[in-house]
Amino acid sequence: MREVRVLIAVDVEQVRLRSPGTISSYNDDGTALGTHDDDDWVVVSRDVSGEIRFGASRWRVASIDVQPDPIDTVEVSAYRDGEWSDGNRYPGTLRIVVRDDGGLDVVNAVEVERYVACVVANEVWPTFEMEAYRVQAIASRTFVLHEMLRRARAEFDVTATQRSQVYRGIRTDEPGRRATEAARYTRGIVLTYRRQGEDRLFCTYYSAACGGMSQSAAIFGRENDIEPLSGGVRCDYCKIAPGKTYRWGPVRLRKEQVRARLLAKYPELRSLGEIQEVTVVERTPSGRPVRLRITGSGGEFHDMLAERFRLAMGGGEIKSTDFTIRMTGGEIIFENGRGFGHGLGLCQWGMQGQALQGKRAGEILEYYYPGSKLMRVY
Ligand SMILES: [Zn+2]
């Protein structure tokens, strides 16, 4: 089993590293470049001449591989827009790559089980039942192994953000300890579905709360070509989610606000002018909006995926695309909101609700991904 490569920093100006023992650096062909023995930070940056600086050393290479002593972790912090980020401690090794535009990317290669233990702590609520942590561990492991197969030839397998799964290195707090235990308990167990006589991994999407029914891959503009992601799973287990999650709204936004937020992400929509109205032009069979039409004051319109629109508005405010829209003079009102997140695949507050009722991890996963089953792959 190869290690998973996680993109932990993108296009930063400098990176600094520290570790209790020696940090060794290598060229991409394995040639030793240099070491850093001090337990203080060593700064890595790109020189104007195109060389990589590693503390006081400089080498003309496209990337450097960084390795702490085998029993140690390496703390990484990145410099961008005038400040250093908080340091996170990472297991495994790092590759620091010079981008074509001169910035630095950092990729952490880490053993899959350690990665799973790290992400589960960030992807569940700390108070979740142990059985819910186990459900998450199996979903997160399946997700990453599927990405590793799909992206074998790419520079990295997953990002460290919500686009993949949130990864911030090692956590030693209580959720971190529980996540590690859940990963260990479910070691090597994944979720598969059978297609053309073969058991296959699939992309185990998950989101906070489905709000009543899971959605299909159509919300991302894709065909629902596999049964586990075809949606339509009824769930009111996520009713227990706190705050306005299972049901939310109304959220009132002024038309100028909607326009400003859209343009911040999609500047090409400037030609629409003032926003006249937002309507639903396509829905899933269960009625959830899939595609919205944004009509400008001149009558010109643009259709976009409701999920993209939601994220442009700020995913914390418009919690899901399961809403109805009402227009008043100057405002667009999103109401009758259901759920939090895209609603595809596993419902996380639903898994907690089911865990509280004594359901086991396997039953919960097979419930949210119909037609799938657990399998041990190592
Ligand atoms: Zn649910």
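Analyst: In α3, the buried residues are R178, A179, T180, A182 and A183. The model is a predicted one, in which local features need pLDDT of at least 70 and side-chain atom pairs count only at pLDDT 80 or more, while totals for chains, interfaces and linings use all residues. Residue numbers start from 1 along each chain as its sequence is written.

User: What makes a residue of α3 buried?

Analyst: A residue is buried if 20 or more other C-beta atoms lie within 10 Å of its own, exposed if 12 or fewer, and partly exposed in between, with C-beta atoms placed from the backbone. R178, A179, T180, A182 and A183 of α3 are buried. The cover over these buried residues includes α1 (112-123) and α2.

User: Why is α1 called mostly covered?

Analyst: Nine of the twelve residues of α1 are buried. They are V112, Y115, V116, A117, C118, V119, V120, A121 and E123. These buried residues pack against β1, β13 (104-110), α2 and α3.

User: How do you describe the packing of α2 and α3?

Analyst: In general, two packed helices are described by the angle between their axes and the distance between the axes. The axes of α2 (residues 130-150) and α3 (residues 174-185) come within 8 Å and cross at roughly 60 degrees. Axes are lines fitted to C-alpha atoms, for helices over the stretch in contact, and angles run from 0 to 180 degrees between N-to-C directions. The crossing is right-handed; that word applies if the near helix is turned clockwise from the far one by less than a right angle, and left-handed if anticlockwise.

User: Which residues make the contact of α2 with α3, and what classes do they have?

Analyst: M130, Y133, R134 and A137 of α2 meet R178, A179, A182, A183 and Y185 of α3. Two residues are in contact if their C-beta atoms, placed from the backbone, lie within 7 Å. By class there are seven nonpolar, no polar and two charged residues. Ala, Val, Leu, Ile, Met, Phe, Trp, Tyr, Cys and Pro count as nonpolar, Asp, Glu, Lys and Arg as charged, and the others, Gly among them, as polar.

User: What makes β4 (32-36) and β14 (158-159) edge strands?

Analyst: The open sheet has seven strands in the order β4-β3-β8-β12-β13-β1-β14, with mixed pairing. β4 and β14 each pair on one side only. Two strands pair if DSSP finds at least two bridges between them. Strand β1 (residues 4-12) and β14 run parallel and are joined by two bridges, with V6 partnered by V158 of β14. β3 (residues 23-26) and β8 (residues 63-68) run antiparallel with four bridges, and Y26 stands opposite D65 in β8.

User: Why is Q196 called exposed?

Analyst: Q196 has 5 C-beta neighbours inside 10 Å, and therefore falls under the limit of 12 or fewer. Q196 lies in the loop between β15 and β16, and its phi is near 50 degrees, a positive value in a residue other than glycine. Most residues other than glycine have a negative phi, and most peptide bonds are trans.

User: Why is N336 called partly exposed, and why is A208 called buried?

Analyst: N336 has 13 other C-beta atoms within 10 Å, which falls between the two limits, so it is partly exposed. N336 also has a positive phi, about 55 degrees, although it is not a glycine. A208 has 21 C-beta neighbours inside 10 Å, and therefore counts as buried. A208 lies in the loop between β17 (206-207) and β18 (247-248).
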